[in-house]
Amino acid sequence: MHISEGVLPLATLVTGYAVSGVGIAAGLRSIRDERIVRTAMMSSTFFVASFIHVPVGPANVHLVLNGLVGLLTGRACFPAIGLALFLQALLFQFGGLTTLGINTMNMALPALLCSLIFSSPVARGRIPLLPAGFLCGTLSVFLSALLLSLSLASAGEAFLPAAKLVFVANIPLMLVDGAITAIVLQFIGTVKPEMLDP
């Protein structure tokens, strides 16, 4: 789900940096001392998950787990995901520095939305963990793929086929990501349920 350098118009890049800048600033202000380790752990999880590729026809897609990151970090998902993407761009040339803002926005904004939707019901036990985790993981990847496709479409008609292909290629990933998020959430709820408190 990384957009490479030299594809997007300046307006899209600026929008991505503006949204991500606000999100990172708000996220950093929201991190309490006792949540720093959790935020770092989820940033590491997001970083590593991107290396697990799932073959889909002639292409590969990779795990995202941004719904899980959002659920466990809340507003801190922006700095957690932004840092992981920065290190991926710097160390492995995934994406790029000019597209860091839009890539962060495309993955962190759905994570934040899923946090707002699912955190409170999950913490209060209003939704069983398995279906909540599946919906959270699936919705976050769906929204990320949609934002990614819209970002590519902003580059002009020549990128419309690629935008549609990227979205379709990510449909199986939505289900895989949802299933993994559900399993992890159920495990956390069993062994350390206090982690689910927003």
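Rings of Phe, Tyr and Trp (the six-membered ring of Trp) are taken as a pair if their centres lie within 6.5 Å, and a pair is stacked with planes under 30 degrees apart, edge-to-face over 60 and tilted for the rest. By this criterion, six aromatic pairs are found in a search of the whole structure. The structure is a predicted model, in which local features need pLDDT of at least 70 and side-chain atom pairs count only at pLDDT 80 or more, whereas totals for chains, interfaces and linings use all residues. Residues are numbered from 1 along each chain as its sequence is written, and side-chain values use heavy atoms, with hydrogens and water left out.

One of the aromatic pairs is formed by Phe51 and Phe92, which are edge-to-face at 5.1 Å centre to centre, with 75° between the planes. This pair links distant parts of the chain, as Phe51 lies in the loop between α2 and β1 (53–56) and Phe92 in helix α4, 41 residues apart. Helices (H or I, at least four residues) and strands (E, at least two) are DSSP runs numbered from the N terminus. Residues are termed buried under 20% relative accessible area, exposed over 50% and partly exposed in between (1.4 Å probe, protein chains only). Phe51 is partly exposed at 34% relative accessible area, and Phe92 is likewise partly exposed, at 37%. The rings of Phe51 and Phe94 have centres 5.6 Å apart and planes at 45°, so this pair is tilted. Distant parts of the chain are again linked, with Phe94 in the loop between α4 and α5, 43 residues from Phe51. Phe94 has a relative accessibility of 27% and therefore counts as partly exposed. Ring pairs join Phe47, Phe51, Phe92 and Phe94 into a cluster.

Phe51 and Phe92 also belong to a nonpolar surface patch, together with Tyr17, Leu83, Phe86, Leu87, Leu90, Leu91 and Leu97; the accessible area of the patch is about 780 Å². Patches comprise residues with over 30% relative accessible area and no salt bridge, like charges being joined within 9 Å and nonpolar side chains (Val, Leu, Ile, Met, Phe, Trp, Tyr) within 5 Å. A salt bridge denotes a side-chain nitrogen of Lys or Arg within 4 Å of a carboxyl oxygen of Asp or Glu. Helix α4 contributes the largest share of the nonpolar patch, six residues. Phe86 is located in α4 and is partly exposed, with a relative accessible area of 31%.

Most residues other than glycine have a negative phi. Gln93, in the loop between α4 and α5, is not a glycine but has a positive phi near 60°; at 57% relative accessibility, Gln93 counts as exposed. Leu65 also has a positive phi, of about 60°, although it is not a glycine. Leu65 is placed in the loop between β2 (59–62) and α3 and, at 7% relative accessibility, counts as buried.

Helix α3 (residues 66–73) is mostly covered, with eight of its eight residues buried. These buried residues pack against α2 (36–49), α4 (77–92), α5 (100–123), α6 (129–153) and α8 (171–191), where contact means heavy atoms within 4.5 Å. Just after α3, Gly74 adopts a positive phi of about 65°.

Notes
Areas by Shrake-Rupley, 256 points an atom, 1.4 Å probe, with all protein chains shown as cover.
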